[in-house]
Amino acid sequence: MAGKTQTVRVEIYDQPYNLRTDSDERYTQDLAQRVDSTMRSIGDQMKSYDSVKLAVLAALHFADECHRLQERYDHLQEAVAEKASQFTEALDEGLANSRVA
């Protein structure tokens, strides 16, 4: 049902939320489950049950993950551009050599 705005009920850290989204319901449920699991994992490590503190730490975890993935994407994009440039130069050189021969 992607594309049409809907309300999806999720539960994160034992709190219900009604989220308005244009994403698929299963996708939204999966995201909520990921947030819930991360908060619980952090809570178990810290022995803390302060949901606000755990939500902030989970947000930092996801921000770090996003930043690292963006850096990796940027690096891969640069590598692809470099390879494309090398292939273009090699093709140009091959075409020039075939015209000479």
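What follows is a short chat about a few residues in this predicted model.

Q: Let's start with serine 48. Where does serine 48 lie?
A: Serine 48 is in the loop that links α1 (25-46) and α2 (51-100).

Q: And is serine 48 buried or exposed?
A: Buried, because its relative accessibility is 13%, and the cut-off for buried is under 20%.

Q: What is serine 48 in contact with, leaving aside neighbours within four places in sequence?
A: Serine 48 is in contact with Tyr13, Gly43, Lys53 and Leu54.

Q: OK, switching to helix α2. Is phenylalanine 87 buried or exposed?
A: Phenylalanine 87 lies in helix α2, and it counts as exposed because its relative accessibility is 56%. The exposed label needs over 50%.

Q: What about charge? Which residues gather in the negative patch on the surface?
A: Glu82, Glu89, Asp92 and Glu93. Of these, aspartate 92 is found in helix α2 and is partly exposed, at 47% relative accessible area.

Q: Last one, glutamate 11. Where is glutamate 11 found?
A: Glutamate 11 is in strand β1, which covers residues 6-12. Not counting residues up to four places away in sequence, glutamate 11 touches Pro16 and Asp36.

Q: And how far apart in space are glutamate 11 and alanine 90?
A: Their C-alpha atoms are 56 Å apart, and the two are 79 residues apart in sequence.

Note on methods. Residues are numbered from 1 along each chain as its sequence is written. This is a predicted model: local features need pLDDT of at least 70, side-chain atom pairs count only at pLDDT 80 or more; totals for chains, interfaces and linings use all residues. Side-chain values use heavy atoms; hydrogens and water are left out. Helices (H or I, at least four residues) and strands (E, at least two) are DSSP runs, numbered from the N terminus. Contact means heavy atoms within 4.5 Å. Buried means under 20% relative accessible area, exposed over 50%, partly exposed in between (1.4 Å probe, protein chains only). Patches are made of residues with over 30% relative accessible area and no salt bridge: like charges are joined within 9 Å, nonpolar side chains (Val, Leu, Ile, Met, Phe, Trp, Tyr) within 5 Å. Accessible areas come from the Shrake-Rupley method with a 1.4 Å probe; for residues, only the protein chains shown count as cover. A salt bridge is a side-chain nitrogen of Lys or Arg within 4 Å of a carboxyl oxygen of Asp or Glu. Lys and Arg count as positive and Asp and Glu as negative; His and the chain ends are not counted. The place of a charge is taken as NZ of Lys, CZ of Arg, CG of Asp or CD of Glu.
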